[in-house]
Amino acid sequence: MAASSQDQSYRADALIGADIEAYLEAHQHKSLLRFITCGSVDDGKSTLIGRLLYDSRMIFEDQLAALEADSRRVGTQEGELDFALLVDGLAAEREQGITIDVAYRFFATEKRKFIVADTPGHEQYTRNMVTGASTADLAVILIDARKGVLTQTRRHSYLVHLLGIRDVVLAVNKMDLVGYDRAVFDRIVADYRAFAETIGMGAIAAIPISGFRGDTITTLSANMPWYGGPTLMAHLEDVPLQSDVARDAPFRLPVQWVNRPNLDFRGFSGLIAGGAVAPGDAVRVLPSGKTSTVKRIVAFGGDLERAVAGQSVTLTLADEIDCSRGCVIAVADNPPEVSDQFEATLVWMADEALIPGRAYWLKLGTQTVSATVQQPKYQINVNTLEHLAARTLELNAIGVAELATDRPIVFAPYAQDRALGGFILIDKLTNATVAAGMLHFSLRRAQNVHWQPTDIGREAHAALKNQTPMVLWFTGLSGAGKSTIANIVEKKLHRMNRHTFLLDGDNVRHGLNKDLGFTEADRIENIRRVGEVAKLMADAGLIVITAFISPFRAERQMVREMLPEGEFVEIHVDTPLAEAEARDVKGLYRKARAGQLKNFTGIDSPYEPPENPDIRIDTTRMTPDEAADLIIARIIA
């Protein structure tokens, strides 16, 4: 008898285990929809997400108990369940009843899995909203039925459209507070559609809801018999996914990693961004343009006969061709474009403003290159959609500008391909993300200007002069002694039969840089031009000596990266400000102190001393001749 009971227990456990495995198997193969909620402040975004979690039974008993306690303590619904507290996690959010950071939540139904991002409504948190929207397939834009279409509604709708989200749900919330009046709903929908047409938005699904009461969230509401459309949940379950659209696009695989476990295997791993691929397909590797065919598609469970967008795979090719991280493997007869100059929309996300001409890291997919941004063509007032003149972009500003990369990259217009059209800019010194961007198109001049090959290269020029070309970059405060020491160095090298040229900061501003002032942007452009000239002279085999304040580390690093390893020698003429000001040979410090000279380095404009200069000269401890001898001894050695 005991054995029989034990057998029954084993069978019950086996059935339960089988049920769990079947559930997990079914859950694993459900499609995943990523969406955001956005709108004006207090439109009910967090409440709606909390309601979705509650109605989809994704709240555990202890979470429900905590929600009931929190609703009584800090809730805004007079003791009833305040669903917003399930999402508003920061103390400041709960205290103020607003969303500040982007909050991600997962839930699932029988049909589909979901990841929802609750994005802030305040204008000062626009960068947070852009972060949440960057990976979304759909946007739920909430409107308070009492307030109608507001400025923030228009701004978020514009951002949603800008970021390429094509599926939009207009959720007119808090219908319970207007008596479920159909006329109110129809008026708001008409106003919103009129605005949406002006920015080019496509079809919009309008749904009347009450996030607090639960009307039309998971079941149709008896309070609104006049509404004949789907519930919000039904719409989310049935809307087509962006991944389905991507599978119909041309094949694209940005290479993340070259997989070489042994001498007999060389594969290229990455996430398929678009299209499908099968063994035998002809492919082109960009930016080189070399062609081959797919030999194998290697995945975790074994080789595949076909792979589609959204799958991570390793491809092996029939031919040994150059392909590394950052390359893109694409269908041979319809590859993406390659260029190094673009027009793009930028969303500035840093507290420090954009500095035109400064070099930033640009990361697009698996590609990372150095890029410079020109002065914006215009800034967009996202509240009125006006185009405003702008010299730079401040925090949360959106503008259109041209940018150039230091080498060609593989891209597609963002409107066609978010994976190859969206990028971020990274500050080279702090590694902070400063902007998100969307590429529009390649500039025509990038396609029409090509490198002209020459038979005599820089090695031949250097060999003829019997010397190693280099750039001696003197940097320091005004009055530090840069020009004096640089001049002595050139005279000594000249006596040694070395071929040199001295570029002095003041002299260059009489000609090449005559059009530049002393603003931060002009100083950067000044150094960029001098760097390009110095590079050309080094290519001619010369030892180039430059004497410039060059106050910013980023621009000195930019010039270093223009030259081969070891040919840029940074020389910090380290003189204390008090000593440099005491010398004041040109009377510039006196004018700056009197307010007659603006943007003067060391007074009202910063100087960023080198952290690890190749040579450091302390002018308080050695004479200019001694400094020159030290420099020559270092470079000749």
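Axes are lines fitted to C-alpha atoms, for helices over the stretch in contact, and angles run from 0 to 180 degrees between N-to-C directions.

This is a predicted model, in which local features need pLDDT of at least 70 and side-chain atom pairs count only at pLDDT 80 or more, while totals for chains, interfaces and linings use all residues. Residues are numbered from 1 along each chain as its sequence is written, and side-chain values use heavy atoms, with hydrogens and water left out.

## Helices that pack together

Two packed helices are described by the angle between their axes and the distance between the axes.

| Helix pair | Residues | Axis distance | Angle |
|---|---|---|---|
| Helix 13 and helix 19 | 482-495 and 624-636 | within 9 Å | roughly 55 degrees |
| Helix 15 and helix 16 | 520-539 and 553-562 | 10 Å | about 20 degrees |

Let's stay with helix 5 and helix 6 for a moment. Their crossing is right-handed (a crossing is left-handed if the near helix is turned anticlockwise from the far one by less than a right angle, and right-handed if clockwise). Thr 126, Met 129 and Val 130 in helix 5 are in contact (heavy atoms within 4.5 Å) with Arg 155, His 156, Leu 159 and Val 160 in helix 6. This contact is made up of 4 nonpolar, 2 polar and 1 charged residues. In this scheme Ala, Val, Leu, Ile, Met, Phe, Trp, Tyr, Cys and Pro count as nonpolar, Asp, Glu, Lys and Arg as charged, and the others, Gly among them, as polar.

Now move to helix 13 and helix 19, whose axes cross at roughly 55 degrees. That angle makes helix 13 oblique to helix 19, and the crossing is right-handed. On the helix 13 side, the residues in contact include Ile 485, Ile 488 and Val 489, and on the helix 19 side they include Ile 631, Ile 632 and Ile 635. By class, there are 10 nonpolar, 1 polar and 3 charged residues in this contact.

Helix 15 and helix 16 pack at about 20 degrees and are therefore roughly parallel to each other. This crossing, too, is right-handed. Residues of helix 15 in the contact include Ile 524, Ile 527 and Gly 531, and they face a group in helix 16 that includes Met 558 and Met 562. The contact has 5 nonpolar, 1 polar and 4 charged residues.

## Strands side by side

Strands of a sheet pair through backbone hydrogen bonds, either parallel or antiparallel. An open sheet of 5 strands runs in the order 26-27-25-28-29, with parallel pairing (two strands pair if DSSP finds at least two bridges between them). Strand 26 (500-504) and strand 29 (615-618) are at the edges with a single partner strand each, so one side of each has no neighbour in the sheet. From one strand to the next, the twist averages 15 degrees. Strand 28 (residues 568-574) and strand 29 are joined by 4 bridges, and Ile 571 has Ile 615 in strand 29 as its bridge partner.

Two of the helices from the table return here. Helix 16 lies across strand 25 (470-475) and strand 28, at about 150 degrees to strand 28. Helix 19 lies across strand 25, strand 28 and strand 29, at about 170 degrees to strand 29.

Elsewhere, strand 17 (residues 337-348) runs antiparallel to strand 22 (residues 398-411), with 10 bridges between them. Glu 343 stands opposite Glu 402 in strand 22. Strand 17 is also antiparallel to strand 24 (residues 433-442), with 7 bridges, where Ala 344 is partnered by Leu 439.

## Two loop details

Leu 286 and Pro 287 are joined by a cis peptide bond, with omega about 15 degrees. Pro 287 sits in the loop between strand 11 (282-286) and strand 12 (290-299). Tyr 180, a residue other than glycine, has a positive phi near 55 degrees; Tyr 180 lies in the loop between strand 5 (167-173) and helix 7.

Conventions:
Parallel < 35°, antiparallel > 145°, perpendicular 65-115°, else oblique.
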